[in-house]
Amino acid sequence: ALLEIGQYYEKYPRVDWRNTDAEYGVDSHLAGLGHNALEEAWMMEVFIPCWDHMRFWNEMSDDEYLTIMNTFILPAARYMYRYPVGGFNNMAQETRSRVAYWALLLDRREWLRKLYDRGLGFKAQLQHGFSDEGWSFEGHYHSHSVKPMLFWAEIYVKAGYPVEKIYNAEFKRIFDAYLLKAPFWNGEPIIESRIAAQRFDDPILAHYNDAEVLAKIPSTNLPSLGFTALRRNIDGHLYAAGMNWGIHEKRGAPDRMGVFISSPFFTTYRKTYNKYSVDQATIVVDGGNQTPKRGTLDQFVPDGQVRIMSASNSELYDGVTIYRTVINLENGAFIVMDRCASDTERTYDWPATGIQQPDGIDFVGKKDALGVTNGYDGFNEVAIVNGAWGERDDSKTVLVLPWPDTMLARKIHKQEWRGQTVLVRRRGKTVDAGIAYVSNHANNTPVKFEWISRQAQKSVADLTVGARVWRVVIDYSAPPEQRAGVQVRTD
């Protein structure tokens with residue numbers, strides 16, 4: 001099969017993946033075997049090891065090995081390198097580097113040139129494919145970008161390039177980035193992090209996912225990436241919240257302004273991709289997908305008994321400004337306070353992430369109660385609530401604080417591992433909502449979350465855990481960097 005493909009590879013018509021009926025000449029920079037260059041790279045990752053291992057186990061002759069190399073492997077590697085992808089899309093470009101790293105070893109004229117290639121070379125990818133903080137511009141898919149960069153680096157080292165010129169501080173930052181965004185990643189690069197730990201002589205890189213290491217990471221703000229995280233160490237355990245006010249969290253997804261919570265007892269972070277805003281941990285307006293544009297981090301208090309991050313975005317939906325504030329208390333609890341503001345009446349939906357079995361809610365069956373477009377199909381149950389509601393078990397209490405007479409809708413997902421999604425819906429011009437995650441308390445501790453006041457310029461709510469009360473004040477008339485504050489008292 002490899003010999004046959006080699007006979008025809010450079011003669012294949014190149015198909016435009018955006019228009020599968022269109023065919024182009026062999027010199028076009030489009031896909032051949034797959035229907036885009038990325039897919040072709042994944043296919044080559046199957047073919048190349050087969051070719052290499054078959055020779056190792058004497059399943060092909062030297063002549064067959066060289067014929068396949070010259071008619072298929074090397075042409076494919078060079079072809080995919082010249083395919084233009086704008087914006088240093090690491091996922092596509094560096095996946096192709098995985099294909100080429102075997103091939104380039106066979107052609108020493110190529111591997112050195114690819115090191116310095118200004119468009120697709122190793123150094124260009126390192127400089128332009130990652131933010132100043134070291135995180136991939138693919139956001140959620142950082143490990144997909146780090147892995148081929150590491151394999152690429154190892155090829156150069158094994159081919160004789162000085163180790164210290166490859167494994168330098170600029171390269172190390174993309175491994176340190178895992179700690180800056182922990183624990184909100186997709187994929188756990190155990191193999192590559194261990195290799196990097198040896199090369200950089202930094203053992204923490206080999207244990208970045210250990211609980212002891214995670215618990216020591218402070219709160220971080222990544223302005224280039226547009227991601228901020230609050231963290232707290234309680235008895236050696238990590239309590240963390242993240243917000244992607246800038247870049248997407250999942251590749252290409254309409255998910256800006258998502259809020260994610262992680263504690264030893266539960267997490268609201270989903271390592272999945274979906275193309276609808278309603279499937280993200282964000283706020284949806286009028287049942288549509290957001291226009292994913294960058295917001296602004298307005299307030300960041302990384303340390304102290306009360307830690308705060310607050311962001312806003314007026315670009316996701318026309319005529320609507322979304323404010324999200326996350327507060328972390330000294331007992332590990334998180335409070336999320338939201339406001340959506342518009343000059344006209346709009347419909348606002350909040351996915352109540354972290355709630356799987358709402359307590360005491362009597363849902364009524366109503367097929368596709370919220371429609372069938374933009375991911376809203378399957379919400380087949382509805383209920384009306386007044387005041388706080390939520391879920392409590394032996395490890396946590398989650399309370400949602402919407403307006404009175406608020407609609408809930410529930411979707412039971414077909415994939416069992418996804419559980420269910422509970423959506424909070426409210427219509428109005430300016431609407432506030434809040435959700436509290438409390439997981440560091442005794443089973444019999446009373447927990448209460450309630451509005452104190454909701455005014456045009458200010459929202460006030462109390463969270464009570466046992467005898468302690470935290471009064472949260474969100475002042476929208478104050479300077480953005482002073483928007484949120486917390487008063488603590490003991491009853």
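Select glutamate 345 and arginine 427: their side chains meet in a salt bridge at 3.5 Å, N to O. A salt bridge here is a side-chain nitrogen of Lys or Arg within 4 Å of a carboxyl oxygen of Asp or Glu. Glutamate 345 sits in strand 11 and arginine 427 in strand 17, 82 residues apart. Strands (E, at least two residues) and helices (H or I, at least four) are DSSP runs, numbered from the N terminus. Glutamate 345 is partly exposed at 47% relative accessible area. Arginine 427 is also partly exposed, at 47%. Buried means under 20% relative accessible area, exposed over 50%, and partly exposed in between (1.4 Å probe, protein chains only).

The model is predicted: local features need pLDDT of at least 70, side-chain atom pairs count only at pLDDT 80 or more, and totals for chains, interfaces and linings use all residues. Residues are numbered from 1 along each chain as its sequence is written, and side-chain values use heavy atoms, without hydrogens and water.

The structure holds 16 salt bridges. Pick arginine 346 next; its closest N lies 2.7 Å from an O of aspartate 286. Arginine 346 is in strand 11 (residues 334–351) and aspartate 286 in the loop between strand 7 and strand 8, so the pair ties together parts 60 residues apart in sequence. Arginine 346 is buried at 14%; aspartate 286 is partly exposed at 40%.

Now go to aspartate 462 and arginine 489, bridged at 3.9 Å, N to O. They belong to strand 19 and strand 21, respectively. Aspartate 462 is buried at 3%, while arginine 489 is partly exposed at 37%.

**The core**

Select Ile322, Val326, Trp350, Trp389 and Tyr437: these have the most contacts inside the largest nonpolar core, which has 49 residues. Such a core is a set of buried Ala, Val, Leu, Ile, Met, Phe, Trp, Tyr and Cys residues joined through side-chain atoms within 4.5 Å. Strand 17 (residues 420–438) gives the largest share, 7 residues. Another core, of 40 residues, lies apart from it and includes Trp185 and Ala229.

**Aromatic rings**

Show tyrosine 167 and phenylalanine 200. Their ring centres are 5.3 Å apart and their planes at 70 degrees, so the pair is edge-to-face. Rings of Phe, Tyr and Trp (its six-membered ring) pair if their centres lie within 6.5 Å; planes under 30 degrees apart count as stacked, over 60 as edge-to-face, the rest as tilted. Both tyrosine 167 and phenylalanine 200 are buried.
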